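Please look over the structure shown here before reading on.

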Amino acid sequence: MTTPPRKSSKPLLREADAPLRSRPRRQRDPAQPNLPLDPMPPRIEPCLALLKAKPPRGDDWVYEIKWDGYRLAVHVESTGIRILTRGGHDWTDRFPAIKQAALWLPVGTAILDGEAVVLDKQGRSDFGLLQQSLGGCGGKESSSDAIFMAFDLLYFDGHDLRDSELSMRRHLLEDLVPAGEQGDIRLSEEIEADGEQLLASACQHGLEGIIAKRRDAPYRSGRLGDWLKIKCIRSNGFVIVGYEKSTASFGGIGRLLLAARKGDELVYVGGVGTGFNERSATELRKQMDKLIIGKPVVDTGRKRNAVFIDPKLVAEIEYRAWTHDGKLRHPSYKGQREEQDSAAVYELE
C-alpha cells in the first residue's frame with residue numbers, strides 16, 4: 001500500500017493537474033542571465049547490462065543487486081506521471097502505487113530509471129509473483145504489490161544528466177530517494193565490496209546475481225559494457241517453437257521445445273519440462289494453441305506427440321550450463337517475457 005514520505009510534503013500536482021509554484025522572494029534582476037534548461041526527452045532508450053561470467057576487478061566499478069522484474073522509466077512531468085516500459089509502452093495505469101509515490105517526490109521534473117519488482121517473504125525479487133500481480137503474461141490488470149527500485153536519475157529539474165558521471169547522477173538520486181525508505185519507490189543501493197565476494201554472498205542468499213557499473217561513465221543507451229551483469233544461475237530468453245503433449249502434466253505440456261538465434265536463423269537448443277504451475281501452464285497452452293503450424297521452423301529431431309507453433313513467444317529459462325552438443329543443461333521454466341518488455345532472445349556465437 002502506498003504511504004507518503006516521512007518528511008512533510010505535498011504532492012507536486014493538484015487534483016486539476018496544475019503544478020504547484022512557489023512565489024519569488026523578490027523580482028528577478030533583468031541583467032542576471034537565465035540558467036539554460038534542457039528540454040525533457042519524451043523517452044530514453046535504456047542502458048543495458050552486458051552478461052559476464054565473473055565480476056570485474058578494480059576501483060572503477062561499483063555494485064548493486066540484480067533485480068528480476070520489468071525495466072521501467074518513471075517520468076515526473078509538469079502535466080503528470082508517465083511510466084514507460086523498456087520498449088516504450090505506456091504502463092502508467094498498471095502501476096498505480098508507483099504512480100502515486102512518484103507524485104510525492106520532491107522534484108518538479110525528473111526521469112528515474114529502475115525496475116518494477118514484487119518481493120517475496122525473504123525480500124527477494126520474484127518475476128513470477130510480478131507477472132501474477134499483473135494478471136499473468138498478456139494480462140491487463142494493475143499491480144498494487146509492485147514497487148519501483150530506482151537505480152539511476154537521467155533528468156532532474158530541467159537538466160539532462162546523461163552526460164554526467166554515474167557518481168554524480170547517484171548523488172542526486174540519493175537526495176531524491178533516500179536510502180532505507182520503504183515506500184513504493186525505493187533506492188537500489190550501491191554496495192562497495194569485492195565483486196567476487198559480493199557475488200558469492202548474493203548466490204548464497206538466493207538472489208539472481210549482481211550488477212557492476214563504471215562509476216565515471218555517462219549514461220549511454222544500449223549494451224555497450226558500461227554496465228555488466230553477473231548471474232548466480234544462468235537465465236536467458238529462448239523462442240518457443242513447439243511443445244510435447246502430456247496427459248500427466250500441467251496444461252497438458254510435457255516439454256516446451258526451445259530455440260536460440262544464430263544470425264538470422266533459429267537453432268534448436270532442447271526442451272524444458274519443469275518449473276510450471278497449473279496457472280502458468282494453462283495460460284501458456286492457450287497462447288500456443290493459437291499459433292499452431294504444420295511444420296517445425298527448426299529441426300527438433302524426432303519427437304513424440306509434438307505440436308509445432310509459430311515462433312512468436314519467448315520463455316525465460318534458467319539453466320546450469322550447455323551440453324557438448326549445444327543443448328541446455330538442467331533447464332527450468334521461469335516465466336514468459338512480454339513484447340512490452342522487449343524480450344531478448346539468446347544469441348549463439
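## Basis of the model

This is a predicted model, in which local features need pLDDT of at least 70 and side-chain atom pairs count only at pLDDT 80 or more, while totals for chains, interfaces and linings use all residues. Residues are numbered from 1 along each chain as its sequence is written, and side-chain values use heavy atoms, with hydrogens and water left out.

## The disulfide

The structure holds one disulfide (a pair of cysteine sulfur atoms within 2.5 Å), and this link joins Cys 203 to Cys 232 with an S to S distance of 2.1 Å. The link of Cys 203 and Cys 232 is left-handed, with -95° about the S-S bond. Because Cys 203 lies in helix α4 (residues 195-204) and Cys 232 in the loop between β10 (227-231) and β11 (234-245), the pair ties together parts that are 29 residues apart in sequence. Helices (H or I, at least four residues) and strands (E, at least two) are DSSP runs, numbered from the N terminus.

Cys 203 counts as partly exposed at 32% relative accessibility, and Cys 232 counts as partly exposed at 26%. Buried means under 20% relative accessible area, exposed over 50%, and partly exposed in between (1.4 Å probe, protein chains only). Cys 47 is buried, at 3%.

## Around Tyr 63

Tyr 63, in strand β2 (residues 61-65), is buried, with a relative accessible area of 3%. Leaving aside neighbours within four places in sequence, Tyr 63 is in contact (heavy atoms within 4.5 Å) with residues including Pro 55, Pro 56, Leu 198 and Ala 212. Tyr 63 and Ala 212 are 149 residues apart in sequence and 4.6 Å apart in space, C-alpha to C-alpha.
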